[in-house]
Amino acid sequence: MTEATGIGAAVKRREDLRFITGAGTYTDDLNQPGQAYAVFLRSPYARAKVGAVDGSEALAVDGVLAVYTGQDTSADGLGDLPCGWLVKSKDGSDMVSAPHPPLAVTQVNYVGEPYGLVVGETLAVARRGAELVNTEFIELPPVAVLGGAARADPIHEGLAGNLAFDWELGDQAATDAALAGAAHVTALEFANNRLIPNALEPRAALAQYDAVSGEYVLRTTSQNPHLERLVLSAFVQIGPEHKLRVIAPDVGGGFGSKIFIYAEETAALWAAAKVGRPIKWTAERSESFLSDVHARDHLTRAELGLDADGKFVGLRVRTTANLGAYLSTFASAVPTFLYGTLLSGQYRTPNIHVQVQGVYTNTAPVDAYRGAGRPEAAYVVERLVETAARELGLDPAQLRRRNFIQPQDFPYQTPVALVYDTGNYQAGLDRALELADYPGFPARRAASERAGKRRGIGLSCYIEACGLAPSQLAISLGAGVGLYESGEVRVNPTGSVTVFTGAHSHGQGHETTFAQVVSDQLGVPFDSVEVVHGDTGRVEFGLGTYGSRSLAVGGSALVKASEKVIAKGRRIAAHLMQTTPDNVAFQDGAYRSGNQQKTIQEVAFAAYVPADYPEDLEPGLSEKAFYDPKNFTYPAGTHIAEVEVDTQTGAIELVNFVAVDDFGRIINPMIVDGQVHGGIAQGVGQALLEHGVYDEQGQLQNGSYMDYCLPRADDLPSFLTDLTATPCDHNPLGVKGCGEAGAIGAPAAVVNAVTDALGVRDIAMPVTSERAWRALQGVAGEGV
Amino acid sequence: MAALNKHIHLRVNGVSHALEVPANMLLVELLRQRLRLTGTHVGCDTCQCGACTVHLDGRAVKSCALFAVQADGCRVCTIEGIGGPGGLHPMQEAFRDCHALQCGFCTPGMIMRAIDLVERSDGLDEQAVREGLEGNLCRCTGYHNIIKAVLQGQEAMEADDD
Amino acid sequence: MQPFNYLKPSTLTEAAALHRQADEPVYLSGGQTLIPAMQQRLSAPSDLIDLSGIAELSGIQAADGAIRIGAFTRHAQVAESAAVRSAIPALARLAGRIGDAQVRNLGTLGGSLANNDPAADYPAAVLALGATVHTDQRAIAAEDFFQAFFETALDHGEVIRALEFPRPRRAAYRKFPNPASRYAVVGVMVAEFDDGVRVGVTGAGPCAFRAHGLEEALNASLSPDALDRVEIPHEDFNRDLYASAEYRAQLVKVMAMRAVRDLFDP
C-alpha cells in the first residue's frame, strides 16, 4: 500500500474532523421525540437502612411522571448487578459477593448510592420532584476507613471481617525462607491512593422501549456495549438479548470507568418501559464523583530480599485492597490477577508470594482504571528496588541491570503464573538513561542546590500484561466471560470495505488504526475502508475496550477475517484467471497468476455478481473471525522522572519526564505517542495531585474540581518519549498495547525522584507541597 | 414559582435570534438545548472544566457561568461558528494536524480558548500557552500535543493576518 | 436550578429599590462564584439583580496619587488597563492571575470583594494598598470592610460603586495557588508607601487581614531577611485537605519574603 497510510504510518485521525468542528455526537447530544428526564435519588449517608420513601409531594408537581424506588425494581424481578470474576480465597472458598441491586432496596451502603429515580417532563421538573421526595433513613455506623475495616462490624449480612476474599499467589514457604536467608531486606509500607477516574464526559443514557416490537434501545457512555447488553439481559433480565440494542456513540473518554454496568443506565432502561417514554439521564459532575467507580486504594507492606551480590532472592507482599461497598463488574480481578501476577516486574526474582485481602467499605465501588492493578504492582516493585539500591549505596540503574530478565530468557516463566513472551529490558533502560542525560544529573542537582532547591531523579522499569487474555485460562481463573474479540471484514460489491469490530473507540482512534490494518492487509486504499463499532445492532459481538487490548486482540481478529477474505478471493480469482488457487499470489490488492491479474475490487464484484463463478463457492465477500489470544502481551519500558523541590514551600516541579516503551510493532506512531502522553499525565496526577478522600463518616471530602485536582497544562512539562521494539510473537500484528503504560510507569518514577530530592525513604502519594515541606522539616530536624 | 421568562436578542454564529428564555437558563443550556449547537459541552457543574467555552463579544467565557439573559444583545460564537468541514479555522487544522485530541470532548472548548488566547497575545511560547490554558481540562492527551497545536495555530493565524 | 426573577436596573437607585422590594434578593455582578453556587444549590435567591446595566459602575480613572476602578470592572479589564499597569503594576498582575482566563473575562472587582471569599486575591490588594470602598451610601476604609468569613461591612442592599486605590511607591503580590481550585492557599501583597509598609494577606485565615507583625519588621528594614524571625500566629488559620494552618503560616512568610524581593526586582 501507499506509504502514507499503511501500518507504521502516522496517519492523521479520520475521527478528528467531527470533533474539531463540534459535530461529534455524544450521548447527551442525542434526543428522542417525547423524551422524559430522570434524576436519581441518592443516599446522603454512607450506611443507613432505607425506610419509607414518600414520593407523594413529588408526584404532585406538574410534570413529574413517576417516582420509582428499589422496591419497584425488585418487585419487577430485576436481577443484581453482577461481578464478573469469581476469585477464590486461599482456603479454596469462593469470594463473598454481596447482593448489588441496581437500586438499593432496604439499605444504602455509600454516599451517592442510588435508591430511586424521579422521571419528569423536563430536567428541571425531575430535579424539583427529587428534592420533594421524603425518605426515612435510619443511620448505621459506617466503615469508611480501609485500615479499620477488618475489625469493624460487617457492612453486609454474613460477612466476616468485611472480607470479600483472602487471595494468595506464589510459594509462601520458599519466599519466607528466601527472605530469612537474604543478606539485605528492604521493607516499605505504603498506601496506593484512591483515584477518581474523571473521564471528561460524564456518564449518560438515552433509553427507549418500543412496546409494539418489544425492543429496547440504550444509547450510553460505554466502553463495551455488547457486554452491557449481555449483563442487562442475562443477569439483570430487563429483556431478552435479541430485543436489546446497546449503542455507545461518541464517548468522551473512559479510562476503565465506562466498562462497568452501572445502576443508572440500567434503571433508566427499565424505567423507559415503565413510563412508556424515552428517558434521558446525564450525570452532573458531582454525581460522577460520588457514583462512578473509584480506583486503586491499597494498603501494602512489601519486602524485597537481596543476596550479597545485590541479586533479588525473594519478594513478599501483603496488600489490603478496598473494594468499596459492592463488587463492581471486574472489581475482584483488579487487585488479584491484574496485580499479584505482575510482581515479578522485569526481574528474575525467584521467589514471590503475595497475599491480598479484598475488603468492603462504605465507599463508592472500586474497579479498573487505566492500568488496573498493574500500576499498583509496578509501584510496589519499583519503589522497593529503588529504595534497596539507595540503602545498599548502589546506582539504581545498575541494581536493575543486575536483576533484569535477559533477552535469551524468553519465554520467561515468572513465579507468579505469567509467561512473558518477548522483551529487552536493558535496551529500554539504556535508551531512557541516555534521553534523560542520566550522567549529567549530578551537575544539574548541584545547579539546583546553588539556587536553593532540591533536585531528584527517579527510575521506574515497569511491566504490564495486556491484551486480556486466553479465554480458557481466564475462565479457569474465575472470569465469567471469554476474552476474545470479534471482527468482520465486509468487502462491498464495488470494492470498498466496511469493517466491524467488537472493540470500542472512545479516544483511541480505532477508526483510523483499524482502517490502516485492514487497508494494509487487503491492499485497498485507506479511504475506502470504514470502521464500524459501538452498536450491538451493527456489530455481531464484542468484549469491548479495556486493558490495552483493542489492537492486540480486536486488531488480530480483523487480520484473521482479512485472511479469510483473501483466501476466498483467491478461489474466485483463480476461477476468473482459469487456474488453480495455489497458482495465485496475492499482493498489494491484486491476485496474480503468470502475467494475469485481478484486483480485489474486480474479485469483489464477481463475488456479488457471480456470472462467471466457481460452482461450489457461496457468493459474497464478507468474513467474520473471533480471535482468542494465546497469551497476554507484555509491554514494558523505563520511565525516568526528574523533579525540583522548592525548599521553602515544598512545591514540586516536574522538570523532566522520559518514557521509553516497548509496545512491539507500531501501527500508528502518532496515536501511540498520544496514548503515552495521556497515560503519563494520569500517572503524574496520581503521584502529585489526585486523591479521593473520605472522612470517617464516609462523606467524600473532595467531590468537585474545586478540590480534586486533575492535572492542568501548566502542571506538566512536555514529556520525552521514545520506543524500543521486540514484537509480540503470538499475535499476527506483533503488537503489545500502549494505552496504559504511562499510568503504570509514572507514579513510581515520580515518587522515586521526589524521595531522592527530599532525601527521605518514603513519602505518601499524592506528594502535595505540604507533604514535601514537612518531609524537608523532618530531614532538617534529624540533621540528615 | 414559575421561572419568569425573558425576551432576549442575540447573534449566535452570525445568526440573529429573538428568543424567550427562562431567567434561570444558562447560556450553555440555550446553546445546546434550544439551538441544538451541541459542540459546546458540559463536563462539570462548578464552572471549571472549560469544555463549554465560547466567545461572548469576542472573549472566551464559560457558557455554564452565565445566564442566557446576560447574553442579551451580545454576539456569541461557538465551535460550530468558527469553521466547518468545508473551511476549517487554522486552529482547528492545527489540532487535527498535531493529534491534539483523543476523545474530543474537551476539544471545542479548548479550541475556542486557544483562539482567544492567540488573538490576545503576542508571540506565545510554550509556557505562556500552558498557563493560558489553565481554565481548560483535558483528561486524554497530557496536553503536550495541545500545546504544540496552539503554537502551530498561532503561526497559521498570524500568517493569515499578513 | 431554582427559578428566580431576573431584574436589570440601569441606576443604583433603581437597584436599591428592587433589592428592598424582593424576598431574598442577590446582586449579580460577574457571577463567577454566584452562578456555580446556584448550580450546586448552595444559593437560591428569589430575585437576581443584574448590575451590568449600571453605567456608573464601570470605568477606570487615574487621578493624583490614586486610581479609581468601577466595581463592575472585569478582572481582565483591570489586568489589561494601561492606567492600572502604569499606576500600580502589581494590582494589574494580581488581576491577571485570578482564576483562569474565562473567569477573568466575566468576574468583576466589586463582585469579588462583596463576596469576600477567604481565598480571593483582591482583598489582599485592598488591604495592602489601603483602598477605600465606595458604595452607593458611603466610603468604607479597607480595614473596616472585611469583617469575617464571607462577611463584609456592606449593609443589606448596599452596592459597591468603586474602589479607590492609593498609588504606592511600589508593591508586589505573591500567591501560592491551590492546585485544584487555583484560589490562593495564601496570597500576600506588600506595598510600600511614603509613610510605611502595609501587608495584606489572603487565603490564610477565615478573612483577609493585614499582617501587622510583618509590617513592623518591614518598617524596620525593608528586606526579605527582616521577615526571617517573625512569628506568624496561625491558631485561627484555615485548614483543609490541601494545607494545614501551620503550613499556611509558613507560606505567609515565604510569599511575603518573595513579594519583598519583587519590590526591588519586579
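This is a predicted model: local features need pLDDT of at least 70, side-chain atom pairs count only at pLDDT 80 or more; totals for chains, interfaces and linings use all residues.

1. For chain A, the assignment gives domain 1 (16-22 + 484-627), domain 2 (31-140 + 201-252 + 258-291) and domain 3 (295-468 + 631-782). Taken over C-alpha atoms, the centres of domain 1 of chain A and domain 2 of chain A are separated by 39 Å.

2. Between these two domains, 13 residues of domain 1 of chain A are in contact with 13 residues of domain 2 of chain A. On the side of domain 1 of chain A that touches domain 2 of chain A, the residues divide into nine polar, three nonpolar and one charged.

3. Turning to the chains, 43 residues of chain A are in contact with 43 residues of chain B. On the chain A side, two or more residues each are given by helix H1 (16-20), helix H8 (285-291) and helix H17 (669-689) of chain A, and the largest share, seven residues, comes from H17(A). By class, this side of chain A has 19 nonpolar, 14 polar and ten charged residues.

4. Chain B is also touched by chain C, where 21 residues of chain C are in contact with 26 residues of chain B. The elements of chain C that give two or more residues to this side are strand E1 (5-7), helix H2 (34-39) and helix H6 (101-106), with H6(C) providing the largest share, five residues. The side of chain C that touches chain B has nine nonpolar, nine polar and three charged residues.

Terms used
Residues are numbered from 1 along each chain as its sequence is written. Chains are lettered from A and ligands numbered from 1 in the order in which they are written. Domain bounds come from an automatic or database domain assignment. Two residues are in contact if their C-beta atoms, placed from the backbone, lie within 7 Å. Ala, Val, Leu, Ile, Met, Phe, Trp, Tyr, Cys and Pro count as nonpolar, Asp, Glu, Lys and Arg as charged, and the others, Gly among them, as polar. Helices (H or I, at least four residues) and strands (E, at least two) are DSSP runs, numbered from the N terminus.
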